[in-house]
Amino acid sequence: MAFSYPLLFFKKFVYRTTVGRSKDKLAVLAGELNVSYHVFPVNDHGGWGAALAGKTALLNIAGPFSETAELAMEACITFNVHYIDITAEVDIYRLAETKDEKAKVADIMILSGAGLFATYDPLVMHTAKRVNEPVKLRVAFKYSGGFTPGSIASSANIINAGYLVRKDGKIEKLIEAPSAAFDFGDGPEDCFPTPLGGVVLCYRSTGIPNIEEYFQMALPANTPDPETVKIQNGELSADIAERVSMIVAEITGADGKMVRSLAKMPSGYMPTVTSAIEVASRVLKGGYKAGFQSPGSVYGQDLLSSLTDVEVIDLEQ
């Protein structure tokens with residue numbers, strides 16, 4: 001299979017190469033960026049070698065990542081190139097974790113989740129510092145915006161992963177789990193248990209032994225079906241664009257004290273775009289730790305202050 005969407009290869013702070021499956025579309029994109037391009041199947045070792053030669057980092061935006069991530073990670077390890085992606089598939093985070101030792105030997109970083117988790121993970125770190133000895137984390141993500149075709153393709157992988165929690169330091173898969181209420185500022189709202197990935201990434205950055213995650217889709221009043229809310233020609237409807245997406249983190253300390261912090265960001269996919277570029281830029285400037293990393297484990301909570309239009313609020317009990 002060839003790539004569904006372009007991959008971007010970086011060196012010296014500029015785009016240098018793009019890769020995908022459609023030669024005609026890539027030629028147009030490469031012309032706009034004034035870069036070279038490659039077209040090859042994802043399992044083509046020679047194609048990877050040609051594309052990665054002389055590069056510093058790969059930003060993988062080719063979803064569904066279940067079809068691209070492992071071969072891309074292995075290619076980056078082979079050719080000593082940092083790997084970054086924007087997946088929301090928890091199984092890809094678990095896959096990235098298994099590449100830790102190989103990445104350390106290659107002196108490269110494997111950072112999966114440079115989209116949502118560039119906000120999510122540092123927010124959890126910020127919240128965790130408000131208690132002594134954090135022992136439990138509950139997070140809810142309220143998303144406003146449409147879906148790209150790649151996200152729709154990835155959603156089945158997210159659902160099929162099942163509801164995963166971290167309990168006493170170990171990941172467990174629950175057969176069923178109830179919804180839970182979270183307050184995003186307008187009173188309690190039901191959110192549904194969803195494997196967002198904090199059980200892997202936030203555990204990497206904080207070591208909190210008990211983690212639960214929830215999700216809510218904020219739909220426009222006239223759009224009852226989430227699958228109908230799709231991005232058309234790269235644009236959101238005015239109704240959706242005026243909304244915000246939010247993440248609320250609740251952390252309980254060993255003494256029973258519970259604190260909450262909220263992050264607000266623009267609706268839709270622009271936060272993913274800006275955060276992925278921010279992470280890639282840091283890597284190009286030498287900001288990396290070898291091995292498997294989460295956004296928070298390598299850049300800490302200070303990453304939040306570098307993200308465009310992200311507001312963090314510490315909430316009262």
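How many of the 10 residues of strand β13 (residues 244-253) are buried? Eight are, so β13 is largely enclosed by the rest of the structure. Buried means under 20% relative accessible area, exposed over 50%, and partly exposed in between, with a 1.4 Å probe and protein chains only. Strands (E, at least two residues) and helices (H or I, at least four) are DSSP runs, numbered from the N terminus.

Before moving on, note that this is a predicted model, in which local features need pLDDT of at least 70, side-chain atom pairs count only at pLDDT 80 or more, and totals for chains, interfaces and linings use all residues. Residues are numbered from 1 along each chain as its sequence is written, and side-chain values use heavy atoms, with hydrogens and water left out.

**Stop 1: the strands beside β13**

Pick K136 to find its bridge partner in β13, T252.

From T252, look across to M258 in β14, which stands opposite. β13 and β14 form a hairpin with four residues between them. In that turn, select G256, which has a positive phi of about 95°.

**Stop 2**

E133 has a relative accessible area of 58%, so it is exposed.

Next, select N80, in the loop between α3 (69-78) and β5 (82-85). N80 is not a glycine, yet it has a positive phi of about 55°. Because its relative accessibility is 45%, N80 counts as partly exposed.

**Stop 3: a helix pair**

Finish with helix α4 (residues 90-98) and helix α8 (residues 198-206), whose axes come within 8 Å and cross at roughly 45°. That makes α4 oblique to α8. Axes are lines fitted to C-alpha atoms, for helices over the stretch in contact, and angles run from 0 to 180 degrees between N-to-C directions. Under 35 degrees counts as roughly parallel, over 145 as roughly antiparallel, 65 to 115 as roughly perpendicular, and the rest as oblique.

Show the side chains of V90, Y93, R94 and E97 in α4, which meet V199, V200 and L201 in α8; contact means heavy atoms within 4.5 Å. The residues of this contact divide into five nonpolar, no polar and two charged. Ala, Val, Leu, Ile, Met, Phe, Trp, Tyr, Cys and Pro count as nonpolar, Asp, Glu, Lys and Arg as charged, and the others, Gly among them, as polar.

Key:
Pairing = 2+ DSSP bridges.
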